[in-house]
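Open the model in your viewer and keep the selection tool at hand.

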Amino acid sequence: MDYEQVYRDLDSPKVKYIHDIDPGEYYDTKDSTWSPYPLFRLISPLYFKDITVEPGYYLLTPREHNGNWYMLFKEAGKIKYIIPVYEREVVPMTFYDDNLPKPKLAPTQKIHLKMLDVMGKVMPSAKRKPIPNTYLEVTDLDNNFVSIVVYWGDYRYYTIFRTIRL
């Protein structure tokens with residue numbers, strides 16, 4: 001794949017959110033105890049056209065706007081950067097089973113989870129919906145490009161950055 005051409009073909013996003021608040025975040029987090037978005041720690045700046053993503057901790061959230069997909073970099077609940085997604089694909093069926101570690105539960109935790117499953121069958125309204133699985137891949141490419149692939153739920157989202165400003 002010619003990443004340099006992909007980078008050139010992408011336009012800087014013209015999307016803006018009122019008060020830098022993601023309107024879909026409430027619906028994604030209402031059934032979970034913690035944020036379902038992958039946390040990304042950046043230790044050096046990344047560049048996309050005229051946008052400089054500064055080092056820090058970001059929650060990466062894919063969002064669609066007018067048929068185009070964007071990756072929202074959120075910090076402390078506010079949208080800090082909006083980067084276009086150049087490709088969106090379906091995640092292979094066994095990807096999460098193969099790549100995510102399985103939790104090792106103590107016997108009391110297993111009993112607790114079984115009890116919660118029984119409660120969920122008796123009272124479906126008490127059953128908590130599972131949060132989407134997430135995974136994050138960062139790949140250093142040739143010519144000072146970096147690819148970030150965010151796996152969120154049933155899809156994976158591809159973004160591309162430069163490590164030096166053009």
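**Start in the core**

Select F161. Beyond its neighbours within four places in sequence, F161 contacts L46, Y47, F48, V53, F73, I83, N144, F145, V146 and I148. Keep in mind that this is a predicted model.

Now widen the view. The largest nonpolar core has 33 residues, and F161 is among those with the most contacts inside it, along with V53, L60, F73 and I148. Strand β9 (residues 145–152) gives this core its largest share, 7 residues. A second core, separate and made of 6 residues, includes Y17, Y70, L72 and I82.

**Salt bridges**

The structure has 7 salt bridges. Select D22, E25, D28, R63 and K74: a network of salt bridges links them.

Zoom in on D22 and R63, whose side chains form a salt bridge at 2.9 Å, N to O. D22 sits in the loop between α1 and α2 (25–29) and R63 in strand β4 (residues 56–65), so the pair ties together parts 41 residues apart in sequence. D22 is buried at 3% relative accessible area, and R63 is buried at 13%.

Next, pick E25 and K74. Their side chains meet at 3.4 Å, N to O. E25 belongs to helix α2 and K74 to strand β5 (residues 68–75), so this pair joins parts 49 residues apart in sequence. Both are buried.

Move to R8 and E4, where the closest N and O atoms are 2.7 Å apart. R8 is exposed, at 52%; E4 is partly exposed, at 27%.

**Finish on the surface**

Select M115, V118, M119, V122 and M123. They make a nonpolar surface patch of about 470 Å². M123 lies in the loop between α4 (107–122) and β8 (134–140).

Technical notes
Residues numbered from 1 in each chain as written. Predicted model: local features only at pLDDT ≥ 70, side-chain atom pairs only at ≥ 80, totals over all residues. Heavy atoms only, no water. Patch = residues over 30% accessible without salt bridge, like charges linked within 9 Å, V, L, I, M, F, W, Y side chains within 5 Å. Areas by Shrake-Rupley, 256 points an atom, 1.4 Å probe, with all protein chains shown as cover. Salt bridge = Lys/Arg side-chain N within 4 Å of Asp/Glu carboxyl O. Helix = DSSP H or I, 4+ residues; strand = E, 2+ residues; numbered from the N terminus. Core = buried A, V, L, I, M, F, W, Y, C linked by side-chain atoms within 4.5 Å. Buried < 20%, exposed > 50% of the residue type's maximum accessible area, 1.4 Å probe, protein only. Contact = heavy atoms within 4.5 Å.
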